[in-house]
Amino acid sequence: GEPAPYSPTGRHTGNPPQSRAQDGPYLTTAQGARLYDTDHSLKAGPRGPVLLQDHHLREKIMHFDHERIPERVVHARGAGAHGVFQAYGTAEGVTKAAFLRKGTETPVFVRFSTVLGSRGSADTVRDTRGFATKFYTEEGVFDLVGNNIPVFFIQDAIKFPDVIHAGKPHPDREIPQAQSAHDTFWDFVSLHTEAQHHTMWNMSDRGIPRSYRTMEGFGVHTFRLVNAEGATTLVKFHWKPKLGVHSQLWEEAQITGGVDPDFHRRDLADAIEAGAHPQWELGIQTFPDTPEQTFEGIDLLDPTKIVPEELAPVRPIGLLTLNRNPSNFFAETEQVAFHVGHLVPGIDVTDDPLLAGRLFSYLDTQITRLAGPNFHQIPINRPHAPVNDMLRDGFHQQAVHSGVAPYKPNSLDGGCPFFAGADTAAFIETPVELPASRKVREAPASFDDHFSQARLFWLSMSPVEREHIITAYTFELGKVYDNAIKERQLRALAHIDAELCARVAEGLGLPAPEPTGPLADVRPSPALSQVGQEWPAD
Ligand code: HEM
């Protein structure tokens, strides 16, 4: 049936009421003292000065002054919805995760977002979209923090601040707001050519979704599943929208962005309210967990690479239905805190170096954004599983802990039925063999192939989609002031496809560089010679 209504009193979690913000028939101060007037300051006479002793005025203004919290450093603009996930049971052989057992229904909260714009920016800009799902499972919270594009700009999280600084508005004029039409973005992606594959997806129709309801979602990284026998499988997660994948044309996006900057947000809320509940199937591509962690020559730890579905089909494992709008945007959509480290038994991480950085970043940023370390107690973030931790105190602590000995084992607080130990219900890290190695700041040689999959993507496009891609590159690069940056990006395009490069060069009024010319000022890539050979041309 319908999930219990969300309530700031914590009813949906079974926890005792913790917030008494809107009880009783009378208007009161935050301390519960009844008020008789909230429209006039206390003054020395009707035309006299306002008195400092007006405690109601000061409380009201003080609280208003602190209503805003920092927006997310990325993915600031978003819209959320509640729903339910129903498992088909088809993943039971590869994972012991309880929420993936046949017929299990799990409440979820999903937040869609753009990446680069600020909280008030328009919805229909050309950008990557976030697709983050919080599963409130009986074994704790599992977050699948994905995007609508299956690859990422960089291979190592140490470059994340750099790519975001390059993509955000220029620091001097703070423009452009949320588009890739500027010098620093193209400077970055033409110098850090591992970004070329993701950039091509952005320049394609995928960069302007028609609706959140018609977007695919991807976990991007390879994860590791563990089944009841302890056997492991490498996996990539996919969300497939029941409505199919649809985009806007650039011209449509300009109109919707201007006429209704809330286009995607409104579309999602209206559809849910009208009972047209959007649905996605969750699917997995599975790969044997070999020591090399490659599949058909593709490095599974490289987040700039996909595994084509022709090589590894996506197997559906469950159905997501969004069926309820948030009742309070701030309490739910703004305060929700996703984290790739929110895992449940049966789902583990791999050594993808981008994922490793994310495992640090989300909790760290939320300490600032949500003012302290207790944001897991905010209603939208509370697990639906019982919590019994040894975390104490801190800003905005809501729990009143009992006992004197928050350490285990202890002999004071009623003995030690303390942790699950080898119990299969516990989250146990997979004992992965690590190769004997030395400490290095290096990437594996396979990470040097920056172009073959961008070419693969280009070759998979229909003629009309190719025209859109050419127009997008031409428009966005046309906004760049520095010709050297345009020329460098054209050289990168020459390594992807000669026709693409020639058409964009023509549009920019610049000469097309030789398709096979060396990328003199770009990181050398040993795999360049394979471009066009690894994948069949169309
Ligand atoms: C936020 C996805 C890479 C840091 C988000 C959100 C999504 C997302 C969907 C929005 C969450 C929400 O709706 O609240 C991804 C994907 C990545 C990626 C798919 C690559 C595959 C990274 C990396 C870092 C990072 C490498 C840092 C090293 C952040 C931060 C936030 C964020 C700081 C804001 C979180 C908050 O304030 O709650 N990311 N991200 N992301 N991401 Fe990522």
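The model is predicted, and local features are taken only where pLDDT is at least 70, side-chain atom pairs count only at pLDDT 80 or more, and totals for chains, interfaces and linings use all residues. Residues are numbered from 1 along each chain as its sequence is written.

Starting with the overall picture, the protein has 12 helices and 12 strands; these are DSSP runs numbered from the N terminus, with helices (H or I) needing at least four residues and strands (E) at least two. Of its 538 residues, 38% are buried. Buried here means that 20 or more other C-beta atoms, placed from the backbone, lie within 10 Å of the residue's own. Two residues count as in contact if their C-beta atoms, placed from the backbone, lie within 7 Å. Take the contacts between residues at least 6 apart in sequence: 71% of them join residues at least 24 apart.

Phe 109 of E2 is the bridge partner of His 82, and Lys 134 in E3 is in turn the partner of Phe 109. Eight of the 10 residues of E2 are buried, so the strand is largely enclosed by the rest of the structure.

The unreviewed UniProt entry annotates His 75 and Asn 147 as "active site". They are spread over 73 residues of sequence, yet they cluster in space, with a largest C-alpha distance of 10.4 Å. Such annotations may be inferred rather than shown by experiment, and feature names are shortened, with positions given in the numbering used here. His 75 sits in the loop between helix H1 (55–65) and strand E1 (78–87), and Asn 147 belongs to strand E4 (residues 140–147). His 75 is buried, with 22 other C-beta atoms within 10 Å; Asn 147 is buried too, with 23. Leaving out neighbours within four places in sequence, His 75 contacts Ser 113, Val 115 and Gly 130.

Finally, the ligand has 28 residues around it, and His 75, Arg 111, Gly 130, Val 220 and Ser 361 come nearest. A residue counts as near if its C-beta atom, placed from the backbone, lies within 6 Å. Helix H8 gives the most to this shell, with eight residues.

Terms used:
Buried ≥ 20, exposed ≤ 12 C-beta atoms within 10 Å, placed from the backbone. Pairing = 2+ DSSP bridges.
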